[in-house]
Protein chains: 4
Amino acid sequence: MSHLIEEGDYVLLYLDHRRTYLVRIEKERSFHTHKGFIQLESLIGKQYGTIVKSSLDVEFVGLKPLLRDYVFKSMRKTQIIYPKDAALIVMFSGIGPGSCVVEAGTGTGALTTALAHYVRPDGKVYSYETKEDFLLTAKRNLERAGLIDFVELKNKDATVSIDESNIDSVVLDLATPWLVVPHAYDALKLSGTIVSFSPTIDQVVKTVEALIENSFVKAETVECLQRGMQIRRGRTRPHTLMTGHTGYITFACKAAKT
Amino acid sequence: MSHLIEEGDYVLLYLDHRRTYLVRIEKERSFHTHKGFIQLESLIGKQYGTIVKSSLDVEFVGLKPLLRDYVFKSMRKTQIIYPKDAALIVMFSGIGPGSCVVEAGTGTGALTTALAHYVRPDGKVYSYETKEDFLLTAKRNLERAGLIDFVELKNKDATVSIDESNIDSVVLDLATPWLVVPHAYDALKLSGTIVSFSPTIDQVVKTVEALIENSFVKAETVECLQRGMQIRRGRTRPHTLMTGHTGYITFACKAAKT
Amino acid sequence: MSHLIEEGDYVLLYLDHRRTYLVRIEKERSFHTHKGFIQLESLIGKQYGTIVKSSLDVEFVGLKPLLRDYVFKSMRKTQIIYPKDAALIVMFSGIGPGSCVVEAGTGTGALTTALAHYVRPDGKVYSYETKEDFLLTAKRNLERAGLIDFVELKNKDATVSIDESNIDSVVLDLATPWLVVPHAYDALKLSGTIVSFSPTIDQVVKTVEALIENSFVKAETVECLQRGMQIRRGRTRPHTLMTGHTGYITFACKAAKT
Amino acid sequence: MSHLIEEGDYVLLYLDHRRTYLVRIEKERSFHTHKGFIQLESLIGKQYGTIVKSSLDVEFVGLKPLLRDYVFKSMRKTQIIYPKDAALIVMFSGIGPGSCVVEAGTGTGALTTALAHYVRPDGKVYSYETKEDFLLTAKRNLERAGLIDFVELKNKDATVSIDESNIDSVVLDLATPWLVVPHAYDALKLSGTIVSFSPTIDQVVKTVEALIENSFVKAETVECLQRGMQIRRGRTRPHTLMTGHTGYITFACKAAKT
């Protein structure tokens with residue numbers, strides 16, 4: 001039996017491909033669009049996937065938000081991570097249900113959300129962030145996604161030290177990842193993974209050098225270009241607009257020191 | 001405490017970036033390379049990440065295989081899936097620990113392995129494949145990755161029917177995905193997701209048309225280009241060789257019929 | 001001796017990478033920007049490459065416009081062609097000084113400008129366009145680039161017929177290139193080339209089928225993705241924004257009928 | 001009237017998309033393939049585009065070689081340039097019929113061939129190369145393409161000095177382009193262009209810094225990814241294999257020193 005929509009749940013209101021809205025269901029609240037307003041209360045007790053009509057009789061679908069929606073629709077105080085990069089970081093890290101992960105830095109929690117989603121129900125994400133206001137935003141985003149219980153947000157600087165040990169993976173998304181590499185080595189179990197995400201080549205070069213100096217092996221760096229397609233018989237083509245660059249993903253494994 | 005290597009475990013022997021070998025640890029078995037042979041028994045009782053020397057005194061690292069290693073090093077009877085695509089398919093599907101997934105077709109189980117990894121410990125993957133020999137290979141690959149308990153391999157044709165219902169996500173990786181779309185609609189819970197992976201444009205067009213006809217919404221198609229980088233101070237550049245195309249990923253959500 | 005700037009010449013006023021302006025030098029005309037205005041007359045008698053100051057004492061460089069500037073800054077009544085595509089079309093066509101080329105359609109003359117630039121001083125571009133207003137715009141653009149003498153603009157429909165024969169190359173940039181293919185075959189000399197530019201896959205498939213049916217050989221289709229880089233020590237990275245798709249370029253050669 | 005094939009001419013024998021052969025027509029010479037041999041003499045007096053049968057009755061088309069064939073089929077003693085890059089370099093340089101160009105270094109003359117093709121009939125390419133054996137190869141390649149008269153090959157080091165002045169464009173394709181930048185400034189006319197092609201990021205950063213220090217403006221760097229498509233109704237898709245990187249193209253214009 002599917003879960004029914006309750007007060008306090010989030011719903012992704014879908015109008016068309018460009019217009020989706022992540023809204024919280026509250027009594028006596030209405031959501032206004034240029035296609036009329038929707039009484040959010042009317043969704044309570046319905047199944048996700050239900051069609052709801054606006055005051056102008058336009059149909060919306062009340063979809064259940066997916067991980068991707070939470071990651072992509074994080075409040076954008078900082079540069080958020082793209083789902084394609086979150087997906088590759090998760091895959092490269094090798095994490096899954098039960099994994100213990102250290103993340104630095106939290107930012108607004110977009111990548112944290114993805115990590116927490118996959119380590120459920122027994123794993124944990126320890127996420128370091130020096131800026132308090134980011135942590136507040138991250139906390140709200142993680143609560144919204146129902147994942148706060150799997151994360152410990154830490155107002156600490158991972159370039160100084162990491163408290164944890166015997167960690168499965170360290171994930172870096174901060175300006176100076178190379179400074180965290182020695183601490184990541186200590187925190188990781190042998191054969192554990194490190195994944196770093198950086199927009200500039202210069203960050204990548206410094207990070208790879210730090211990895212090699214610190215007995216990491218199997219270092220590799222990739223970038224991932226995602227291109228959307230317009231699929232319509234007779235008019236099929238890639239979209240004109242494309243994000244040309246988000247960042248480079250660097251991966252390595254901890255080896256024993258010789 | 002980290003898990004120690006036991007007989008029967010798999011180890012990824014790492015020599016350098018181009019030479020890694022996924023081997024099963026057995027007593028009295030040695031693994032031969034052009035850099036000498038390694039007594040696999042010598043790894044028993046060691047931690048993953050340990051350094052082991054070959055008979056020619058060359059160092060290998062005995063890494064713990066990650067999901068990616070299992071996915072990428074599947075026995076290649078069919079076209080396997082690339083980790084980048086497996087990563088995006090998992091992310092787009094929205095699945096995670098506890099999800100129930102239908103996959104068609106199994107192939108040699110590369111994508112099945114990724115799906116099973118993420119639905120642990122309470123979820124399940126029901127994987128359809130018409131060719132018996134593929135199922136045998138897939139079974140071996142899933143056993144090797146320790147994930148067979150989370151998969152039900154079914155020697156059935158998903159283009160004819162799907163047995164399950166109330167499914168979270170249907171993942172299609174077969175030649176005629178559009179033929180599965182109506183059965184996927186029935187199998188999915190409302191707001192459930194469908195993700196299809198196809199190499200040709202023609203398959204994508206037919207699949208998107210079938211999705212629209214069958215009350216799926218939010219259909220989108222992307223392709224993902226992964227490019228490797230050579231990171232070395234003074235000689236940093238993208239690699240010359242690149243996989244130019246693997247396939248298109250199409251995603252949609254089940255809406256209620258109006 | 002370099003040519004000095006005269007009244008009536010075009011100058012590319014360069015402020016910074018994002019702000020360049022193609023202006024015609026006229027007496028008593030000033031050019032206004034948010035950085036002050038420039039008395040265009042003051043450039044007369046100067047060399048291209050000279051630095052000129054605005055009324056707010058901001059430096060501009062008065063560069064000589066290049067082919068690329070004329071192609072890219074064509075008046076945009078229709079979709080213009082990107083320099084990268086114009087460059088590849090020219091290279092694939094094999095044309096050069098002295099070539100005779102048929103183009104369909106002219107549009108606003110952006111690609112025509114590139115073709116005319118390279119066939120000088122003895123070649124000719126015969127450019128077909130059904131819409132008269134496009135031809136007027138194209139004429140102005142070609143005059144501005146000083147290339148009108150190498151082009152014959154024809155208000156005719158190349159899908160109906162092509163007047164010329166013994167042509168070196170036919171270049172197609174219109175909605176239905178496949179309809180021109182039989183006429184292109186007749187117009188071309190043996191071993192002549194045809195190059196077609198189309199945004200959609202469906203156009204490409206129809207065009208390639210028409211090429212094969214009409215005794216063209218060596219058909220190939222490519223797309224070209226251009227990515228800009230931000231080069232700054234410590235912050236080097238690809239630009240975030242990128243044009244994800246412009247069109248596919250299809251190329252073939254005329255063989256004798258068997 | 002088309003030019004007829006004569007002894008000494010080059011012909012591109014086309015069998016299928018993957019098999020084309022650039023051959024010189026000589027009397028009493030036969031060209032052997034796995035599809036039988038072709039008496040080259042039989043092509044003399046024929047038109048380009050003619051179909052010729054091998055001894056095994058397989059059809060070949062005798063095409064007229066295009067610039068691209070000469071560029072791509074240069075004898076590969078060094079890394080050759082790809083036609084896509086040659087095309088962009090030519091476009092960015094702004095050169096055309098009549099231009100005077102300095103190139104450093106010549107290599108085996110692939111890019112030189114492209115430059116010479118477009119500066120005909122009144123322009124000139126002055127090409128610098130320190131290695132004598134490269135110059136010999138370049139000379140043969142340029143003769144083969146019929147373009148040697150438009151090139152002056154110079155066994156000199158452009159990082160030491162450039163003899164010419166009042167040049168329209170300087171094109172750099174050597175390991176240390178930044179060392180040529182000051183000499184390029186002196187050689188160029190005001191508003192003249194410089195284009196540099198380099199495989200590594202580090203070369204690009206040094207070159208851009210040298211450009212800025214030497215009063216060049218409008219510096220930009222791009223890379224170009226070309227992807228081939230398989231166009232067949234029902235099986236249309238990008239090719240699996242792709243060249244992921246050739247090099248970065250950097251462009252700038254000479255401004256007056258302030």
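**Figure 1. The open sheet of chain A in the predicted model.** Four strands of chain A make up an open sheet, and their order across the sheet is β2-β1-β6-β5. The pairing is antiparallel. At the edges stand β2 (19-24) and β5 (50-53) of chain A, each of which pairs on one side only. From one strand to the next, the twist averages 30 degrees.

**Figure 2. Strands β1 and β6 of chain A, a pair within this sheet.** Residues 10-16 of chain A form β1, and residues 59-63 of chain A form β6. Three bridges connect β1 and β6 in the antiparallel sense. Tyr14(A) has Val61(A) in β6(A) as its bridge partner.

**Figure 3. The two domains assigned to chain A.** In the domain assignment, domain 1 covers 10-63 of chain A and domain 2 covers 68-254. Between the C-alpha centres of domain 1 and domain 2 of chain A, the distance is 32 Å.

**Figure 4. The contact between chain C and chain D.** Chain D contributes 61 residues to the contact, and chain C contributes 60 residues. On the side of chain D that touches chain C, strand β12 (residues 216-230) of chain D gives the most, with twelve residues. The residues on this side of chain D comprise 32 nonpolar, 16 polar and 13 charged.

**Figure 5. Strand β12 of chain C paired with β12(D).** In chain C, β12 spans residues 216-230. Nine bridges join β12 of chain C to β12(D), and the two strands run antiparallel. Within this pairing, Cys224(D) in β12(D) stands opposite Gln226(C).

Notes
Residues numbered from 1 in each chain as written. Chains lettered and ligands numbered in written order. Predicted model: local features only at pLDDT ≥ 70, side-chain atom pairs only at ≥ 80, totals over all residues. Pairing = 2+ DSSP bridges. Axes fitted to C-alpha atoms, helices over the stretch in contact; angles between N-to-C directions. Domains from an automatic or database assignment. Contact = placed C-beta atoms within 7 Å. Nonpolar A, V, L, I, M, F, W, Y, C, P; charged D, E, K, R; others polar.
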